[in-house]
Amino acid sequence: MADPVLSVEHLRTEFRIGGAWHPAVDDVSFVLAPGETLALVGESGCGKSVTALSVMGLVPSPQGRIAGGRIVLEGRALVGLPEPALERLRGARMAMIFQEPMTSLNPVMTIGAQVAEAMMVHQGLSRRQAEAKALAVLDEVKIPSPARRFHEYPHQFSGGMRQRVMIAMALACEPAVLLADEPTTALDVTIQAQVLGLLADLKQRHGMAVLFITHNLGVVAQIADRVAVMYAGQIVEEGPVTAIFSRPAHPYTRALFAAIPRMDRDAQDLAAIAGRVPSLDAMPTGCRFASRCPQAQVGCERPQVLAPLDEAHVARCHVATAVRGNWHQAD
Amino acid sequence: MFGVCLAYPATTIGAVLCLIVVAGALLAPWLAPFDPNDQHIIDRLVPPGGDYLLGTDAYGRDVLSRILWGARISLAIAVSSITVAIVIGGTIGMVSGYVGGQIDLIIMQTMDVLLSFPSLILGLIVVALLGPDLINLVAAIALTAIAPFARIARAPVLSLKERAFIEAGRALGFSHLRILFVHILPNILSEVLVMGSLWMATAVRTEASLSFIGLGVKPPTATWGGMMREGFENILDAPWLSIWPGIAILLLVLGLNMVGDGLRDATDPRLRGET
């Protein structure tokens, strides 16, 4: 694999609850190669977004902090970097798009001005130069008749179009890494497919790496090269998308797949995962999924580590990794 | 927004009143029949009508000319003091709301202390300390309006800073300063300016009140408050001396309030039926 453009090692991001710090993200590590898409999957509150915000250096302070670990972007360590240095990287070398296209644009600025602004800030372009480039970027994200829509305001754009504008803003300075935090969750399915197609297309053209955060496994299958499954602040399983989809090893991943309704079968009950995610201030020391796990057994009360199942496929479950990938054969 | 205002007759009347006063002030050198400070000794206390349309005062000065020239002082003081208050108070409120936490608490409690003084009393203290002249009067009135503008600017910032586009801006590498003045400011500007027009009316009143008690611009400069006070000495023989400047103050304050109310309704999303 080529040198990673982004690597996160043992990231620990904590939040203060009632005077004590509790980790929302605990021992998260991953690497992102140029041109690669890593999907970060998990349910709401599992730490996906906090991981992305940690990379961007946007963890809300003072109630949140990065308590440990390293984040390296293009050879530069980000944790502990002073704010002005981070500001120069954000939008320029790493960019983020958010879930809510309806509120992620400034209602009183024109679309064109908003796309042009980052280029004026980061590349020192004049307004005229930046607007010329902004027009080209809007065209690239397939906004119809961009010259006419350039001077319109966000309320004149539909949700899908706004998300395209957000993508245009994020890509304006050609970042090396794009962090996409559920960018299609708020869109309906056809628009979602268009935006995913656009993202894949742009990724290929610009060779950037994408960290794609989602809870939608269908989207993962469509866009990801590799998948990392998060549960309660930890990555519980990681591997190539084909391996995860064909041989999910961690009981949580398996439960997620089991919970997808099947269209090819007649009446069936939806498989739900019993119980609930342990709260931040009551995290067990052992496996965090144990209390909900059908395979829970002796040994689950010990802290779990990511162990290899096969090449490039790891899981944080002593039961799954003990049989070394034979799990799916026994299944 | 202009069309919306015109749909409301009260706002239109207010705007016309304000425009009349502004036009009178701007065109005073051409409109005024006499020099406002020329004393026509033989024509003292002439009642309205004839050569002196609104009569003359105890020194034989033309009341109409003095009212026209006095409009300049009233408007200049109102506009400049409210501008100063908007810039200083607005910045304090925006920064306070954006930074939040302890700093916000301390700043806002300081503003509450300022707010607890009635504006006339606070203006009185400042002018009494600094001495009555134009600049001090502007400073005094501005000081009374800083705290309200800090509050007006802070409130929308509190909700705006939680909006996704602020975080999106941070994610694009914009500094806090840029977020605050390029992205948040235009969002709160209309609210602040609307309150500005309402507070202009208060500034006109405060200026007139301070002049009335002798703490305004020094005589013989024509000011509406000052004219009322001078007329007060002859209130029984020549009531018009106090009545005309009183009406002028009334019309300007009324006009500014009507425009302010209209603008507030026009920009208030709850009244506009938008979310």
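Predicted model: local features only at pLDDT ≥ 70, side-chain atom pairs only at ≥ 80, totals over all residues.
## Overall make-up of chain B

Chain B is built from twelve helices and has zero strands. Read from the N terminus, its elements follow the order α-α-α-α-α-α-α-α-α-α-α-α. The C-alpha trace of chain B extends over about 75 × 45 × 30 Å along its principal axes.

Of the 275 residues in chain B, 47% are buried.

## Packing of helices 6 and 9 in chain B

Two packed helices are described by the angle between their axes and the distance between the axes. For helix 6 (residues 119-130) of chain B and helix 9 (residues 176-212) of chain B, the axes come within 10 Å and the crossing angle is roughly 50 degrees. Helix 6 of chain B and helix 9 of chain B are therefore classed as oblique to each other. The crossing of helix 6 of chain B with helix 9 of chain B is right-handed.

On the side of helix 6 of chain B, the contact is formed by B:Ser119, B:Leu120, B:Gly123, B:Leu124 and B:Val127. Helix 9 of chain B contributes B:Thr202, B:Thr206, B:Ser209 and B:Leu210. Sorted by class, the contact between helix 6 of chain B and helix 9 of chain B holds four nonpolar and five polar residues, with no charged residues.

## Contact between the chains

Between the two chains, 14 residues of chain B are in contact with 22 residues of chain A. On the side of chain B that touches chain A, helix 8 (164-171) and helix 9 of chain B each provide at least two residues. Helix 8 of chain B gives the most, with six residues. The residues on this side of chain B comprise seven nonpolar, four polar and three charged.

## The eight-stranded sheet of chain A

Chain A contains an open sheet of eight strands with mixed pairing, in the order 6-7-8-3-9-10-12-11. Strand 6 (94-97) and strand 11 (307-310) of chain A are the edge strands, each pairing on one side only. On average, neighbouring strands of this sheet are turned by 20 degrees against each other, with direction ignored.

Within chain A, strand 3 (residues 37-41) and strand 9 (residues 226-231) run parallel and are joined by four bridges. A:Leu40 stands opposite A:Ala228, which belongs to strand 9 of chain A.

## Loop residues and backbone geometry in chain A

A:Pro62 lies in the loop between helix 1 (48-56) and strand 4 (64-73) of chain A. The peptide bond that leads from A:Ser61 to A:Pro62 is cis, with omega near 10 degrees.

A positive phi of about 35 degrees is found at A:Ser145, although this residue is not a glycine. A:Ser145 is placed in the loop between helix 4 (127-140) and helix 5 (146-149) of chain A, and it is exposed because 9 other C-beta atoms lie within 10 Å. A:Glu174, likewise a residue other than glycine, has a positive phi near 50 degrees. The loop between helix 6 (159-171) and strand 7 (177-181) of chain A holds A:Glu174, which counts as partly exposed because it has 15 C-beta neighbours inside 10 Å.

A:Ser279 is located in the loop between helix 10 (251-258) and strand 11 of chain A. Because A:Ser279 has 11 C-beta neighbours inside 10 Å, it counts as exposed. A:Ser279 and A:Gly45 are separated by 234 residues in sequence, with a C-alpha to C-alpha separation of 9.8 Å in space.

Technical notes
Residues numbered from 1 in each chain as written. Chains lettered and ligands numbered in written order. Pairing = 2+ DSSP bridges. Axes fitted to C-alpha atoms, helices over the stretch in contact; angles between N-to-C directions. Buried ≥ 20, exposed ≤ 12 C-beta atoms within 10 Å, placed from the backbone. Parallel < 35°, antiparallel > 145°, perpendicular 65-115°, else oblique. Left-handed = near helix turned anticlockwise from the far one by under 90°. Contact = placed C-beta atoms within 7 Å. Nonpolar A, V, L, I, M, F, W, Y, C, P; charged D, E, K, R; others polar.
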